[in-house]
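Subject: Structure for your files

Hello,

Here is the structure I said I would pass on. My notes follow below it.

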Amino acid sequence: QLIIQGMRVGLYGVLCVLALFSFFSSEYFYNWELNRDFYYSAGFGLVLGIAGFFLPAAWYRRFSVLAATFAVDVVLIGYLVVQHHLNATLLFFCCLLLIMAAGLALGRAGGFAVALIASVGTSASLLMGPELKTLNFFFQLLLSNLGFLMVAFLSGYFADQLRNQGFSLLSLRQMNQLIV
């Protein structure tokens, strides 16, 4: 639970630091009011991530609660990147980390669900963006979506393997107890 929540809080922290860095490194006049929605949304995501540390363990085990938090994270990060006009590569990286965390926390099905949400969201936001739609752009879009699905598969696979190893370790401990 701590690792997953730490990843979620870290993502919002990185986005806030990058936004502040762009603010302080700007040569032009910067109005805080123009990006007020960005800071409110980033702060909201950061508060949600920190609040996740205090979730009872029983809530943390519920698939629906975790799936909802990851869905909110994907939507918020997509909104933040589009709202602040940050690099699309940052959006892909953040989504990959969220998919990895979802796969580890929710298994293969959860990882694929978050990957699907991230794929649809990032594809829609990039297709509506101002970039020139060339063959190279669509190739990158296809590769990023395949990357989302591969990360979901791998993180879910590793989570399943860890769970299976945990069960086999538990059965070995039980057998040891019986023998002793």
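Helices here are DSSP runs of H or I of at least four residues, strands are runs of E of at least two, and both are numbered from the N terminus.

Before the rest, two notes on how to read the values. This is a predicted model, in which local features need pLDDT of at least 70 and side-chain atom pairs count only at pLDDT 80 or more, while totals for chains, interfaces and linings use all residues. Residues are numbered from 1 along each chain as its sequence is written, and side-chain values use heavy atoms, with hydrogens and water left out.

The chain as a whole

The chain has six helices and zero strands, in the order α-α-α-α-α-α along the sequence. Of its 180 residues, 34% are buried (under 20% relative accessible area; exposed is over 50% and partly exposed lies in between, with a 1.4 Å probe and protein chains only). Contact means heavy atoms within 4.5 Å. Among contacts between residues at least 6 apart in sequence, 76% join residues at least 24 apart.

Helix α1 and aspartate 73

Buried residues of α1 include Arg8 and Tyr12. Aspartate 73 sits in helix α4 (residues 63–84) and counts as buried because its relative accessibility is 0%. Apart from neighbours within four places in sequence, aspartate 73 contacts Arg8, Tyr12 and Leu98.

Serine 123

Serine 123 belongs to helix α5 (residues 88–127). Its relative accessibility is 12%, so serine 123 is buried. Its side chain reaches the backbone oxygen of serine 119 at 2.7 Å and makes a polar contact of 3.0 Å with the side chain of asparagine 145. A polar contact is a pair of N or O atoms within 3.5 Å; within protein, one must be able to donate a hydrogen and the other to accept it, and residues adjacent in sequence count only if both atoms are side-chain atoms. Not counting residues up to four places away in sequence, serine 123 touches Leu141 and Asn145.

Regards
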